[in-house]
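Thanks, everyone. Please look at the screen.

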Amino acid sequence: MIKLDGVGQVFEGRAGRVQALDGIDLHVQENEFVTLIGRSGCGKSTLLRLIAGLLPPTYGGVAVAGEPVTAPRRDVSFMFQRPALLPWRSVLSNVMLPVEISGGDLDRKKYVERAHELLELVGLDGFERRLPHELSGGMQQRVSLCRSLIRRPKVMLMDEPFSALDALTRTELSEELQRIQMELATTIVFVTHSIEEAVVLADRVVVLTPRPGRLREVVEIDIPRPRSLGQNAHLTEVAQISAHLHALLAEKQAEIRPVDAR
Amino acid sequence: MTNRSWLTTSRSAAVLLPILGLVAAIALWWLAIVAFSIESFLLPTPGAVAAKFLEQPGYLLQQTWVSFLETILGFGLAIVAGVPIALLIVRSVILERLVYPLLLAVNAIPKIAIAPLLVVWWGFGQLPKVLMVLLVCFFPIVISTAQGMKSTPAELVELLRSLKAGKAQEFFKLRLIYALPQVFTGLKVAISLAVIGSVIGEFAGATEGLGYVITSSGATADVALAFAAIALLSVMSIILFYGLVLLEHLLLPWAQETR
C-alpha cells in the first residue's frame with residue numbers, strides 16, 4: 001500500500017544543510033499497522049509528511065496504492081499531535097470538514113449519517129453540537145480521529161496523536177484505534193516516541209536512527225490482538241520487545257549500523 | 001470574605017459598581033466646587049450641566065446625531081478601505097514593503113495638522129469630518145487585520161493542505177475566520193479614535209456637531225454648554241464601544257474561550 005524507495009530528505013537551513021532522512025526503504029502492506037519510533041529529531045514526522053504528500057522528498061520515491069505521491073491524496077488522512085479543530089465549528093461540522101472541502105461530488109447526507117456513526121463509535125454521541133472548547137483534550141482528539149476517518153481513507157497517517165493526553169485516555173484511545181482499524185481495514189502509519197505504545201499498536205515497529213534518520217531495525221510484533229496498554233494479558237512479551245527497542249534507541253551514534261530492511 | 005466574593009462575582013455588582021464609581025466621581029466634582037468655591041464660569045456644577053442639557057435637549061441631540069453620523073460613516077469607510085488593503089499586504093511581500101512604510105508615515109502625522117487642509121479642500125460640510133475619522137481609524141484596522149491574517153496556526157494550515165483544500169478554501173474556511181477576533185480588537189481601538197476624529201474635524205471648521213458646540217460655547221464662555229457636549233460625546237463613545245462588544249459576542253461566541 002505504501003512504498004518508500006531510497007527516500008532521503010535534506011533541509012537547507014540558515015545553519016547549512018541538514019540531512020533529516022537517508023536511504024529509507026520500506027513497504028507497508030495493505031491493512032498493516034506500522035509504528036515509527038526514534039529519538040526526537042530523527043525525522044519520523046518528516047517521513048510521515050513525505051507519505052502524505054505535504055513535502056516532496058529530496059531524493060527517492062514515495063508511492064501510495066501504486067501511484068507516485070506528488071500532492072496530498074483524498075484517500076490518505078493525516079492526524080496531528082494536537083486536535084487541530086476549527087474553534088468556531090461544532091463537533092459535527094469539524095468531522096464533516098473533509099467532506100465539505102472535497103466538494104459537491106459527495107453525497108452529503110450519507111456522510112452526515114456516517115459522521116454520527118463515527119462519533120458514536122468513539123463515544124461522543126450527543127456532543128454533535130458542542131464547540132471544541134467545551135470538550136476535554138481526549139474528547140477533542142476523538143473528534144479529530146472521526147474527522148480523519150470520515151472519507152474512508154485507505155491510509156491513515158498519525159503523528160503522535162495521543163502524546164498530549166493523560167495516561168488513562170491514551171490507553172482507551174489506543175484500544176479504540178485497534179478496534180477501529182480491525183473494523184474498517186485501513187492501513188496505518190503511526191509515529192510515536194512511546195516504546196510501549198509502539199509495541200502495543202503495531203504489526204511492525206520501525207526503529208529510526210537520529211540525524212540522519214535511517215532504518216535501524218524493523219521488529220515484527222507477534223502478540224495476538226486486541227492488546228492493551230492497561231490491563232495487559234501479554235505483559236511479558238511487551239516487556240521483552242520493549243527492552244530490546246529501548247536498547248536500540250539508547251545506542252550511541254558510533255555503534256549504529258543501519259540495516260537494509262526491505 | 002463573603003462581601004468580597006459577592007463584589008467580584010455577582011452580576012448585579014457588575015452593573016452597580018460602575019454606577020457607584022460614576023456617582024462618586026460626580027459627588028467629588030460637586031464637593032470640589034463647594035469646598036474651593038470655584039467660579040461657575042471656570043467649572044460648572046454637575047447640576048448646571050444637566051440643566052443646560054434640559055434647556056435645549058432637541059438642539060443638543062441634533063448635534064449629537066450629526067457627530068454620530070460623521071463617526072459611523074468614517075468608521076465604515078475605514079473598514080471598507082482598511083480590510084482589503086490588509087488582505088493585500090498579507091498576500092504579497094512586495095506590496096507590504098511598498099505600502100507599509102507609507103502607512104507608518106501617514107499614521108505618524110498628527111491628524112490635527114491635516115484638519116485645516118481638509119477644510120481648504122472640501123469646505124465646512126460633512127465630507128472633511130468623515131475623511132478625518134477615516135484617517136484616524138484606518139491604521140489600527142489595517143494593522144489588526146493584517147496581524148489576524150498572519151496568526152493562523154501552522155498546523156491548521158497543514159490540516160487544510162492535507163485535505164487537499166484549494167487556496168480559496170484555505171482563505172475563506174480558515175484564515176479569514178481565524179482573523180476575525182483580532183479584527184474586532186482593532187475595531188474597538190478604532191471606534192474610540194473615530195469619535196475623537198469627528199471632533200477634530202469639527203474643531204477645524206464646522207457649522208454643526210458636538211465639536212462645533214464646544215468651540216462656539218468657548219466664544220460665549222458658556223462652560224456648562226461645553227461640558228454638556230463633552231458628556232454627550234463620552235456617552236456616544238461608550239455606546240459605540242459596547243455596541244461592538246455586543247456584536248463580537250453575537251458573531252464570535254467561540255472567540256472568548258479560545259483566546
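Start with one pair: the side chains of Glu176(A) and Arg142(A) form a salt bridge, at 3.3 Å from N to O. By salt bridge I mean a side-chain nitrogen of Lys or Arg within 4 Å of a carboxyl oxygen of Asp or Glu.

Now the ground rules. This is a predicted model, where local features need pLDDT of at least 70, side-chain atom pairs count only at pLDDT 80 or more, and totals for chains, interfaces and linings use all residues. Residues are numbered from 1 along each chain as its sequence is written, chains are lettered from A and ligands numbered from 1 in the order in which they are written, and side-chain values use heavy atoms, without hydrogens and water.

Next, the domains. Chain A has domain 1 (2–75 + 155–255) and domain 2 (85–152), with bounds from an automatic or database domain assignment. Their C-alpha centres lie 25 Å apart. Domain 1 of chain A puts 14 residues into the contact, and domain 2 of chain A puts in 12. Contact here is heavy atoms within 4.5 Å.

How much area do the two domains bury between them? About 1,200 Å², 61% of it on carbon and sulfur atoms. That is accessible area (1.4 Å probe) lost when two parts are put together, summed over both. On the domain 1 side, Arg74(A), Met156(A) and Ile180(A) lose the most area, together 38% of what that side buries.

Back to charge. The rule finds two salt bridges across this interface.
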